[in-house]
Amino acid sequence: MKHFSSLLATLGLLSTLPALAQNELSNFSATGRGGVANTFALDYQSLGINPANLGRQGNSLLAFTIGEVGVGAGSQSLTNAQFKKLILHSGDALTATERTALVANLNSNNALNINADATAFGLAVALPAGLGGLAVSVHQRLSGHVALNQNSADLIVNGRNAAIVQQYYAADGTAKSTPPLLSAALDGTQMQLALTNEFNIGYGLEVFDVPGVIKVTAGAGYRYIQGVGIADVRITGGSLSAYSSLSPVFNINYGSLASSPNFNYQSGAGLQPVGHGNGFDLGLATEIGKVVRLGASITDIGSMSWTGNVVTATDQNLAYPQYSGTATYDVVKSIINQFGDSGKTLFTYQAAQEHKASLPTKLRLGGGVRISELFEAGLDVTVPLNQVAGNLPAPFIGAGLDFKPVRWVRLSTGVSGGAGYNLNVPFGVTLVTPVWEAGISTRSVMGYFSDSNPYASLALGFLRFKIGKK
C-alpha cells in the first residue's frame with residue numbers, strides 16, 4: 001500500500017463490487033445529522049443500527065439502493081496543514097522543522113481516526129398482513145485508530161534516529177545499556193485497523209400496540225463477515241497485545257515468516273479474505289403517540305476467526321530499529337509497516353495459524369420527535385462495549401434534525417462529538433421525490449478548514465428508491 005489516500009480510493013471503488021468505526025457514513029442522511037440514526041433509520045439503512053425499525057409503520061413497501069458510500073478522517077492533535085499532508089499529499093518531503101513538529105503533534109490518544117464504508121446494495125420489503133419488515137444488504141467497512149505516546153511517535157517518524165534509540169544504542173546498533181520493555185517505552189500506544197466485507201439480513205416485527213398510545217417493535221439482524229484485514233496493537237498499563245491478519249492488498253513483506261509451517265501465507269493481489277465470522281444485532285423501538293420515538297439496540301455481537309497471514313507479538317525489550325524513518329509525510333505507511341513488514345517493525349512477530357477476536361460490540365440508545373414528514377429531531381448515544389480494532393475509541397453523542405423547507409428538498413444538520421472526534425456541526429442536502437432520493441452530506445462543515453482538530457468527511461447517496469408506504 002503506497003498511500004493511505006489510495007486505500008480510501010480503493011474502498012470507494014469497492015462500492016461497485018459484491019461486498020468502516022460505523023456504517024452511518026454510507027447512510028448519507030445520517031451523516032448530515034452527524035451520525036444520529038437510531039430513531040431515524042428505516043428499511044435497509046436500519047441494518048447495523050436498530051433492526052427493530054424494520055417493523056415500524058411508515059416504512060416503504062419496497063426500498064433499495066444502487067450505491068451509498070462515505071469516508072471520514074480526523075485528528076485531535078495535528079494541525080490542519082499536517083492533516084492534509086498525511087491524507088492528501090503523503091509523498092511530500094519532510095523538512096527537519098516539519099519532522100520535529102510532526103512528532104510532537106502525533107503524541108496524542110487521538111492522533112488519527114479514519115472511517116469509511118460502502119453499501120453496494122440494499123433492499124427492504126414490508127411483508128403483508130402485519131408480518132413486519134425484512135431487509136438485506138452487502139456492505140464494506142474500514143476503520144482505523146492511532147494513539148501514540150512521545151516515544152512511539154518519534155520511532156514511527158524517525159526510526160533508528162529517535163531519541164530513545166540514541167539513548168540506549170550506539171550508531172552501529174550496539175546496546176549501550178539494557179533498553180526498556182516496549183510495554184514501558186510505548187505505554188499508551190494503540191494502532192488499530194479493520195476492513196471487512198459484510199452480508200446482512202434483518203427482520204423487524206410489531207410486538208405490542210395500543211392504538212394511538214404506544215407501539216413497540218422488536219428486531220434482529222445477522223451478518224456473515226469476510227475479514228479482509230485486521231491489525232490490533234494495544235500497549236497500556238504495562239501490558240502489550242499485538243496481532244495482525246492482512247490481505248495481500250496491504251502489500252506486507254513477511255520475510256522468513258512466510259515459510260514457517262505455522263503460517264498460512266496468503267499471497268497474490270486484491271481483497272482476498274483472510275478471516276470470517278458471524279455477527280448479530282438486537283433492537284427494540286417504541287413510538288409514543290404519533291410524535292415521540294425511542295430506540296435501543298446492541299450491535300456486532302459475535303466474533304471473527306482470522307486464519308490468513310496471522311502474526312502475533314508479545315512484550316520484549318526495545319530492539320535497534322532496522323529502518324531510518326520516513327522522509328515524507330507518508331506516516332500511515334510507516335504505521336502499516338508495524339503490522340508485520342520484515343525489517344521495518346518495532347515488534348518481533350511469531351507466525352500463528354489462527355487468531356479469534358470479538359466483533360466491535362456497541363450499545364446504541366436514541367430518542368426523537370417527529371412532528372410530521374417535514375420535521376424530525378433526535379438524540380443518539382453510542383457506547384463501545386469492548387476495545388477491539390474497529391470499535392469506537394470512546395462513546396459518541398449527537399443531536400440531529402431533518403427538515404424540509406420544500407417537499408422536494410430535505411436538509412439535515414445537528415451537533416455531535418466523541419468517538420475520537422471533537423465537536424462537529426454536520427450538514428446534508430437530499431433531493432426527494434415520491435420514488436427516489438439522492439444526496440450529499442458531511443459530518444463537519446468547518447472541520448476541513450479548522451486549524452485545530454481538523455476533520456474531513458463526505459457521504460454520497462447515488463440513488464435510493466422507495467416505493468409505496470407501509
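The model is predicted, so local features require pLDDT of at least 70 and side-chain atom pairs count only at pLDDT 80 or more, while totals for chains, interfaces and linings use all residues. Residues are numbered from 1 along each chain as its sequence is written, and side-chain values use heavy atoms, with hydrogens and water left out.

**Exercise 1. Determine which residues of helix α4 are buried, and why they lie on the same side of α4.**

Step 1. Helices (H or I, at least four residues) and strands (E, at least two) are DSSP runs, numbered from the N terminus. Buried means under 20% relative accessible area, exposed over 50%, and partly exposed in between (1.4 Å probe, protein chains only).

Step 2. In α4 (residues 96-106), the buried residues are L102, V103 and L106. They share a side of α4 because they cover an arc of only 100° around the axis; the arc is that of the directions from the helix axis to the C-beta atoms.

Step 3. The exposed residues T97 and T100 are on the face of α4 turned away from its buried side.

Step 4. Contact means heavy atoms within 4.5 Å. The cover over the buried residues of α4 includes α3, β3, β4 (133-148), α5 (150-158) and α8 (331-337).

Step 5. In α3 (residues 80-88), the buried residues are N80, Q82, F83, L86 and I87. Their arc around the axis is only 160°, which puts them on the same side of α3.

**Exercise 2. State how many residues the largest nonpolar core has, and which of them have the most contacts inside it.**

Step 1. A nonpolar core is a set of buried Ala, Val, Leu, Ile, Met, Phe, Trp, Tyr and Cys residues joined through side-chain atoms within 4.5 Å.

Step 2. The largest core has 58 residues, and L102, L106, L155, M191, V233, F339 and F347 have the most contacts inside it.

Step 3. Not counting residues up to four places away in sequence, L106 touches S77, L78, A111, L148, A153, V157 and V331.

Step 4. Another core, of 12 residues, lies apart from the largest one and includes I225, M304, V310 and L359.

**Exercise 3. Count the aromatic pairs and classify the pair of F64 and F465.**

Step 1. Rings of Phe, Tyr and Trp (its six-membered ring) pair if their centres lie within 6.5 Å; planes under 30 degrees apart count as stacked, over 60 as edge-to-face and the rest as tilted. The count is eight aromatic pairs.

Step 2. F64 and F465 are stacked, at 4.9 Å centre to centre with 20° between the planes. This pair links distant parts of the chain, 401 residues apart: F64 belongs to strand β1 (residues 62-65) and F465 to strand β20 (residues 455-467). F64 is partly exposed, because its relative accessibility is 24%.

Step 3. The pair of Y254 and F263 is tilted, because the ring centres are 5.3 Å apart and the planes stand at 55°. Y254 is buried at 5% relative accessibility, and F263 is buried at 7%.

Step 4. Ring pairs link Y254, F263 and Y265 into a cluster.

**Exercise 4. Identify the sense in which strand β2 pairs with β3 and with β20.**

Step 1. Two strands pair if DSSP finds at least two bridges between them.

Step 2. β2 (residues 68-74) and β3 (residues 108-126) are antiparallel over seven bridges, with G74 opposite N113.

Step 3. β2 and β20 also run antiparallel, joined by seven bridges; G72 has S457 as its bridge partner in β20.

Step 4. Six of the seven residues of β2 are buried.
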